[in-house]
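Please read the points below with the sequence and the structure open beside you.

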Amino acid sequence: MQKPFRLMAAITAFAASLALPAAAQDAAKAPDAKAKAAAPVKGDASAAGKQLYPQAYYDFLIKQRTSQGQPDSPELRAAVRDELNTRELLVREAKKQGLEKNATIKTEMDLTSQTVLVRALMADYLKAHPVSDEALHKEYDIIKTQIGDKEYKVKHILVENEAEAKDVIVLLQKGEKFEKLAERSKDTGSKINGGDLDWNAPANFVKPFSDAVVATPKGKYTTTPVQTQFGWHVIMVEDVRDAKIPPFDEVKQQLAQRMQGQVVESYVKELRAKNGL
């Protein structure tokens, strides 16, 4: 019933999925990974061990792991070396069995390769079309306006039709407890907590519901059923407080990811339109 619209979580998943590690883009510009075998790295704990893999694979994984926060240590390098040796042994065995010729496996490998190329393309596009600070501030101000300056602690009871909602209101007027009546609610997520929806800005709800919340005084419930696409509601406003909106700098990165998603979406739509899709 709540709209997926919170400032701290309003991030487009598509944009997040495009976060290609820097090592991946560097690898795309590197020479053929299979052109030469790996050379021992001075200082590695296992530098004297046998190596079955190309140096480019090793360099890529080290850069990737350290960019993800792992410290560049002898232990990390030894683990990567061991992982690559094991992987190479398994790949060789798979090829001995002709698995790479299997049509299904070949299709999966091709699709995986496509995924890497798509992510690289999107990363390059975003680099060429960055979101400006001015655009980020504008989006932040829009969201602040939508959220408003108040938050409401709300309970509700969701039923199938208006008649049921009116029955609930009559029972409340006779002194029945809201929490007890909430047991009949269709909203399984809140009914176990007496209908509690916790603190929310009105923008988190669909409009008929949010309008009713704002119009209902603190400590009161709606005396007229409220209809939404989910059914009929009886709403109680338990408390009201000033909205706690995080400062711009605290949410700048999330806003950037959200707006990058919008940039990517626009680019994809343009490509599809050009190709008649």
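1. Valine 214 sits in helix α10, which covers residues 207–215. The model is a predicted one. With a relative accessible area of 47%, valine 214 is partly exposed. Setting aside neighbours within four places in sequence, valine 214 is in contact with Tyr152 and Pro202. Valine 237 is 23 residues away from valine 214 in sequence, and their C-alpha atoms are 8.8 Å apart in space.

2. Side chains of opposite charge can pair when their charged atoms come close. The count of salt bridges here is 20.

3. One of these salt bridges joins the side chains of glutamate 83 and arginine 65, at 3.0 Å from N to O. Glutamate 83 belongs to helix α4 (residues 74–96) and arginine 65 to helix α3 (residues 55–67), so the pair links distant parts of the chain, 18 residues apart. Arginine 65 has 17% relative accessibility and so counts as buried, the cut-off being under 20%. Glutamate 83, at 26%, is partly exposed.

4. Lysine 153 and aspartate 196 form a salt bridge of 3.5 Å, N to O. Because lysine 153 is in strand β1 (residues 150–159) and aspartate 196 in strand β2 (residues 196–200), the pair ties together parts 43 residues apart in sequence. Aspartate 196 is partly exposed, at 24%. Both residues belong to a network of salt bridges that also includes Lys155, Glu179 and Glu238.

5. Lysine 269 and glutamate 265 make a salt bridge, with their closest N and O atoms 3.6 Å apart. The two are four residues apart in helix α11 (residues 248–274), so about one helical turn separates them. Lysine 269 is exposed at 53%, while glutamate 265 is partly exposed at 42%.

Definitions and conventions: Residues numbered from 1 in each chain as written. Predicted model: local features only at pLDDT ≥ 70, side-chain atom pairs only at ≥ 80, totals over all residues. Heavy atoms only, no water. Buried < 20%, exposed > 50% of the residue type's maximum accessible area, 1.4 Å probe, protein only. Contact = heavy atoms within 4.5 Å. Salt bridge = Lys/Arg side-chain N within 4 Å of Asp/Glu carboxyl O.
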